[in-house]
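Colleague: Please show me how to read packing features in a structure. I would like the general idea, then the case at hand.

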Amino acid sequence: MSILLAADDVRRAITRIAHEIVERERDLSQLAIVGIRTRGDVLAARLRTALREIEGRDVPLGSLDITLYRDDLTRIGYSPTVHRTDIPFSVDDRVVVLVDDVLFTGRTIRAAMDALVDYGRPRAIRLAVLVDRGHRELPIRADFVGKNIATALGDDVRVRLAESDGRDEVELALRVPA
Amino acid sequence: MTVRTSEPLMPAPVAARRWQRRHVLSTEDWSRDEIELVLENTIAMAEVLSRPVRRAPPLRGRTVVLFFAEASTRTRVSFELAAKALSADVVNISASGSSVEKGETLLDTVRTLEALGGDVIVMRHGASGAPYFVADRTSAAVINAGDGWHSHPTQGLLDAYTLRAALGDLAGKRIVIVGDVLHSRVARSDIHTLVPLGASITLSGPATLIPSAWRSDLLPAGVTYEPDLDRALDGADAVIALRLQRERAETGLLPSLREYARTWGLSEARVALMRPAAPVMHPGPMNEGIEIEAAVAHGPRSLIEAQVTNGVAVRMALLYLLAGQPS
C-alpha cells in the first residue's frame, strides 16, 4: 500500500485543474460544473471554490447520480439505492465539466454523459478527474487530470476526501496475489 | 461503498441497504428499513419525473404486465407511467374483454402472462389474497395493486412519502383516517406503513364501517378509534378521507349519504380543527360533497394532487428495486 497523493497534493491538483479550465474555456459565463456522486460531487464543489478564487465569480454547480444509467444492473444481483440528482440550472448551450474522483474503465463516465443529455443539450461536455488510473474499456479520455497513475487491473485506488472520509488522500492498494 | 448522508427531506438513512424481496404483496410484514429504502429511492424517482426527458433506462428490455381484474383507471395509469419512465415495455390485460371473461382460471391467466414474457406482474383483483396465489406460482415478480379489502401497498407507501414530504419525520405525528375502514384496503395499508414510521393513527367513521374487533380493545399497535370525528381531528397532524362506496347506503350500513356527509364529511370548519396547515389527503376517486367538500378537496391543505404525482414515483422505486432481484 502506498500513498499516491497526500492532502497538499490533492489541494494543488484541484487548483491546477481550475487554472487549466480557465485557460481553456476563457468565458466562464457559459460554464457549469457537475460532480458524479459520490466524491465527484465533493471535488466539484472544491473546484468551484478554486475557480471563484481565480476569477472572482461562481459557476453553477450540480451533482449527478448515475445509478439508473449503469450497464451492469442486471449483473450485480440487487438494485443499489438511487440518490437524487441535483442540477439546478439548464445545461442547454453550456460547457459542462463533469467531475469524478477516479477514471478507470470509463463506464461511469459513459453513464454520466447519458444521464446529462437527458437534462438538455450542452454545447460541450468536458471531463475532469483527480486520478486517471488507465485500463479504459470505452473510448473515453479526460480533459483535466490531477494525476496519472500506472496501475495493474486488480489494484485498488482509494480516494479519501475530508468531507466524506475525514481526510484528503489517495492510496494505491496493490492486488493481493491469490 | 459508502452510505450517502441524508437528503434534506428524509431522516438519516438506515442500516439495511439491500432490497431482498421478490414481490410486493403487503407492507404488513415489512421492517421499517424496507419502507425507508423504498422512500429513499422514491426521492430520486421524483427527480427523474421533473426532468425535460422524463425517462431513465434501467428497465430496458423488461416487460411489465398490468393485469387489472377489477376496474381502475388511476392506479393502472400510474403504474403504466412508472414502468414507461423506467423504459420497460408495458402490456395491459383487463378482465373485461379478455379470456378471464370467457372462463379462464386465474392460474391459466398467470401462465399465459408469464409465457408472454412478463418480468413483473402488477395485479389488481377483487379477491383478497389473489396476488399471493399468483406469486406462489410464477417466476415473475408480483406487485399487488389492490386485492379485495385486504391490501393496497403502493397506496400506503405513496401516502407515507406524501406525508413525509409535508410533515418531515412522522415520529409522534397523529394521522386521522376517516370513513369506511371496514372495506378499505387503503386504510389497512396506511396503518401498516405509517405506524412503523412512528406515526399514530386515529380511526373515525360510523361504527358499522369499522371492523368490530377494532371498536373494542383489539386495535393494532399505534391505532385508536374515536367515533366523534371532531374530537379525532382536534389537534391532528393530517387527515386521510376514504372513498365511500355509494352502495353502502343501500345495504343498510348507512342511513343515507346525506347524513354521512353531515357526520363524516370533511368540511372547511372540520379540517380547521387540526393543527394549522395540517394536510388533507384522499386516495381517489373522490365523491365530492359526500366524504369531502369541494372547497377542502381543492383548498390550500389538499395534497390530493401531490398523492397522484408521488404515486408514479413510488411505483417506479418498487419496479426498480424488484428488477434487480434474481428470479
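Modeller: We go through a helix pair, a sheet, the chain contact and the domains. Keep in mind that this is a predicted model.

Colleague: Start with the helices. How are two packed helices described?

Modeller: Two packed helices are described by the angle between their axes and the distance between the axes. Here, take helix 5 (residues 153-167) and helix 6 (residues 185-194) of chain B. Their axes lie 8 Å apart, at an angle of about 55°.

Colleague: What does that make helix 5 of chain B relative to helix 6 of chain B?

Modeller: Oblique. An angle from 65 to 115 degrees would count as roughly perpendicular, and one under 35 degrees as roughly parallel.

Colleague: Is the crossing of helix 5 and helix 6 of chain B left-handed or right-handed?

Modeller: The crossing of these two helices is right-handed.

Colleague: Which residues in helix 5 of chain B meet helix 6 of chain B?

Modeller: Helix 5 of chain B brings B:Pro153, B:Gln155, B:Gly156, B:Leu157, B:Asp159 and B:Ala160. Facing them from helix 6 of chain B are B:Val186, B:Ser189, B:Asp190, B:His192, B:Thr193 and B:Leu194. By class, the residues of this contact are five nonpolar, five polar and two charged.

Colleague: Now the sheet in chain A. What is the order of its three strands?

Modeller: The order is 1-8-7, in an open sheet with antiparallel pairing. Strand 1 (2-5) and strand 7 (156-160) of chain A are at the edges. Each has a single partner strand, so one side of each lacks a neighbour in the sheet. On average, neighbouring strands of this sheet are turned by 30° against each other, direction ignored.

Colleague: How many bridges join strand 1 and strand 8 of chain A?

Modeller: Three, in the antiparallel sense; strand 8 of chain A covers residues 169-173. One pair to find is A:Ile3 with its bridge partner A:Glu171 in strand 8 of chain A.

Colleague: How many residues does each chain give to the contact?

Modeller: Chain A gives 17 and chain B gives 24. The chain A side that touches chain B has six nonpolar, eight polar and three charged residues.

Colleague: Last, the domains. How is chain B divided?

Modeller: Domain 1 of chain B is 32-152 + 309-323, and domain 2 is 154-303. Their C-alpha centres lie 26 Å apart. In their contact, 18 residues of domain 1 of chain B touch 18 residues of domain 2 of chain B.

Colleague: Which elements supply the domain 1 side of that contact in chain B?

Modeller: Helix 1 (32-49), strand 4 (141-147) and helix 13 (304-323) of chain B each supply at least two residues. That side has seven nonpolar, eight polar and three charged residues.

How values were computed
Residues are numbered from 1 along each chain as its sequence is written. Chains are lettered from A and ligands numbered from 1 in the order in which they are written. This is a predicted model: local features need pLDDT of at least 70, side-chain atom pairs count only at pLDDT 80 or more; totals for chains, interfaces and linings use all residues. Axes are lines fitted to C-alpha atoms, for helices over the stretch in contact, and angles run from 0 to 180 degrees between N-to-C directions. Helices (H or I, at least four residues) and strands (E, at least two) are DSSP runs, numbered from the N terminus. Angles under 35 degrees count as roughly parallel, over 145 as roughly antiparallel, 65 to 115 as roughly perpendicular and the rest as oblique. A crossing is left-handed if the near helix is turned anticlockwise from the far one by less than a right angle, and right-handed if clockwise. Two residues are in contact if their C-beta atoms, placed from the backbone, lie within 7 Å. Ala, Val, Leu, Ile, Met, Phe, Trp, Tyr, Cys and Pro count as nonpolar, Asp, Glu, Lys and Arg as charged, and the others, Gly among them, as polar. Two strands pair if DSSP finds at least two bridges between them. Domain bounds come from an automatic or database domain assignment.
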